[in-house]
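Here is a short briefing on a structure.

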Amino acid sequence: MKQGRPRNQLISLLLLTMTYQGELNRHSSCRKTATFFIILSFLVCLIPQTAVAQTQLRISGATRGFPVAVPDLCGDQQSALSKTVTDRIYRNLGSSGLFTVVPSRTYIPGAQKCGDGRSITFSDWSVIGAEGLVTGDMRSLGDGRYEIEMFLHDVLQQRSVIGKRYQSSDEDLLLVADRFSNEIVRFFTGEQGIFGTKLAYVGRSGRFKELYVMDMDGTNNRRLTNDKGLVMTPSWSPTGKRIAFTSYKSRRPELYTISPEGTGQERVTRLEGLELGAEYSNSGQEFLTSASLFGVPNIVTMNMVGKVLRKVTTSSAIDLSPSYSPDNRQVVFCSNRSGGPQIYITSSEGETRTRARRVSFTNSNYCTSPSWSPSGDKIAFVCRDGGHQIFTVRPDGSNTTQLTFSGYNEDPTWSPDGKFLAFSSDGGRGGPRKLVSLHLASGKTQPMGQSSAEQGQPAWSPRFQ
Amino acid sequence: MRSVTSFFSVVFLLGAVCTGCSSKGSGPDGEDGSRFGDGNIPTGAYGVDGLATIHFDYDSAALSSTAQADLKNNYDWLAANEDQEVVIEGHCDERGTNEYNLALGERRAKSVESYLVTLGISSSRISTVSYGEELPLDASSNQEAWAKNRRAHFAAKK
């Protein structure tokens with residue numbers, strides 16, 4: 001790509017030199033014409049190469065993803081284990097909104113060459129429409145450990161553009177697949193991918209509601225609590241090592257934290273009244289929560305042992321569902337201070353310093369559940385509008401955009417890269433709510449959970465370090 | 001003889017320990033936990049005879065004139081039964097989001113508590129809890145069911 005330019009310039013120089021040394025010397029008119037064309041080709045070479053930009057343009061086009069083939073890995077491994085890796089990469093890339101995975105049934109038999117001295121026949125892949133090709137090798141190191149080499153090839157350029165080597169136990173193969181998928185995303189977009197992130201959510205367990213965690217593709221679904229009451233409003237710490245949530249374990253709503261593995265459940269509050277929805281600050285040492293300390297739920301900040309540090313809102317109205325801006329300087333929240341609930345922004349220092357400013361301007365008189373995007377430029381929220389619909393707005397209140405149009409859609413949560421929203425939805429058909437994700441750039445929704453039970457109040461984890 | 005005594009001592013002790021640790025019934029401070037069944041949220045029918053359930057308008061924690069009349073009767077009963085402590089539960093219908101309804105249920109329970117305290121009931125006899133839309137009396141999706149579910153309900157604390 002960029003390397004093409006010096007090569008063409010060199011050729012032009014050689015031609016120029018040859019012209020003056022060679023037989024064209026004898027014919028001045030030929031020499032002038034030749035010189036003209038050589039200088040022209042030299043100048044043409046100065047025009048910037050566009051091969052890289054073309055790849056990026058294809059990626060950002062909303063309708064068609066960059067087509068990638070993901071054949072089986074080579075190596076001495078049982079195909080079931082190495083298929084774990086390729087299946088995960090296949091699913092990751094397909095769900096990312098950036099790529100289209102070329103289906104394996106179209107792969108030419110024998111195109112995937114393994115063994116000594118193998119080289120890739122790129123035309124076998126370009127002929128089925130692949131422009132990217134993922135290949136790899138998985139070798140056993142003994143003791144249940146494996147070495148995995150992964151490559152991404154540019155099929156049209158006929159060369160590899162990413163090469164990575166990993167060592168892993170058989171339990172961590174999905175991590176390898178997620179990390180390599182993130183490298184692919186970083187190559188194309190410049191930003192680390194979000195594969196390997198998880199969702200915490202509230203799931204029904206008989207007559208109770210408990211805390212669950214699943215991978216973002218719906219796998220590894222696990223119940224974390226056995227509180228036999230109601231669990232509400234989970235949220236992740238900045239490192240992803242703790243999940244905070246409200247639970248009725250003690251027969252009153254109190255705040256707890258727990259690890260994503262379901263261990264170390266700790267009680268944070270022992271306060272009269274409701275504490276709902278603990279949002280961690282960037283330091284991981286403070287929460288924003290809605291606490292009804294004096295009969296009315298207001299937004300406060302609290303430390304990790306439940307001591308109230310600061311009142312953020314002080315109205316006599318219901319104030320709840322706080323969400324920090326990425327720099328933690330501001331808080332967006334829901335309040336019914338002007339009648340029906342609407343969305344407001346105030347300084348995290350408290351609204352006695354800066355009056356809260358309304359940012360929800362739809363036709364609805366019932367808007368709740370705000371969530372500030374990690375990229376800082378949008379706030380998602382829910383308004384009642386023939387059902388419940390998801391909207392986004394800029395923090396200054398401009399550019400209100402409706403994202404769903406039918407059924408009941410609630411509790412939006414942002415992916416760490418700000419490109420996806422997950423929320424609970426009845427799909428416009430009524431019935432139990434399930435988790436879905438929406439890719440904002442393309443508008444594509446897909447289901448996230450594989451559970452048949454009701455799922456709600458999702459919280460998308462940060463990227464794990 | 002001694003082994004028989006030891007045996008019965010052990011049985012007696014076990015029995016005492018088990019009775020004291022009965023999980024179904026009492027909660028902390030000897031609270032009446034029978035309405036919780038096998039978990040930590042109430043189930044089935046429960047209440048306090050003589051204390052009417054208070055009803056609310058949609059999206060509101062305000063006490064209508066009917067509600068106030070009911071509460072005055074409830075006050076009379078509580079004044080006559082000074083030993084009875086109560087938990088006021090706030091509930092909502094299914095419309096609206098779960099989180100907002102939890103806060104609205106809290107406002108409803110607090111609103112009722114505040115009215116009774118103003119009339120003269122000691123606040124130490126009352127505690128409140130909200131269950132939002134999570135424990136409907138009637139799970140149907142119609143106006144009648146919704147009206148039943150928008151309530152503040154009295155449960156026996158002890």
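Chain A and chain B bury about 3100 Å² between them, with 53% of that area on carbon and sulfur atoms. The model is predicted. The contact draws 35 residues from chain A and 33 residues from chain B.

**Chain A side of the interface**

- By class, the side of chain A that touches chain B has 14 nonpolar, eleven polar and ten charged residues.

**Polar contacts and salt bridges**

- Between chain A and chain B, 20 residue pairs are in polar contact, both residues being at pLDDT 80 or more.
- Four salt bridges are found across the interface of chain A and chain B. Over all chains, the structure holds 28 salt bridges.
- A:Arg207 forms a salt bridge with B:Asp38, and the closest N and O atoms are 2.9 Å apart.
- A:Glu272 and B:Lys110 also meet through their side chains in a salt bridge, at 3.8 Å from N to O. A:Glu272 lies in the loop between strand E13 (266–267) and strand E14 (275–280) of chain A, while B:Lys110 lies in helix H3 (residues 98–119) of chain B, so the pair joins two chains.
- Side chains of opposite charge can pair when their charged atoms come close.

**Helix packing within chain A**

- Helix H4 (residues 79–95) and helix H6 (residues 173–189) of chain A have axes that come within 9 Å and cross at roughly 35°. The crossing of H4(A) and H6(A) is right-handed.
- From H4(A), the residues in contact are A:Leu81, A:Thr84, A:Val85, A:Arg88, A:Ile89, A:Asn92 and A:Leu93. They meet A:Leu173, A:Leu174, A:Ala177, A:Asp178, A:Phe180, A:Ser181 and A:Ile184 in H6(A).
- By class, the contact of H4(A) with H6(A) has nine nonpolar, three polar and two charged residues.

Technical notes:
Residues numbered from 1 in each chain as written. Chains lettered and ligands numbered in written order. Predicted model: local features only at pLDDT ≥ 70, side-chain atom pairs only at ≥ 80, totals over all residues. Heavy atoms only, no water. Axes fitted to C-alpha atoms, helices over the stretch in contact; angles between N-to-C directions. Helix = DSSP H or I, 4+ residues; strand = E, 2+ residues; numbered from the N terminus. Left-handed = near helix turned anticlockwise from the far one by under 90°. Contact = heavy atoms within 4.5 Å. Nonpolar A, V, L, I, M, F, W, Y, C, P; charged D, E, K, R; others polar. Buried area = accessible area lost by both parts, 1.4 Å probe. Polar contact = N/O pair within 3.5 Å; in protein donor to acceptor, adjacent residues only side chain to side chain.
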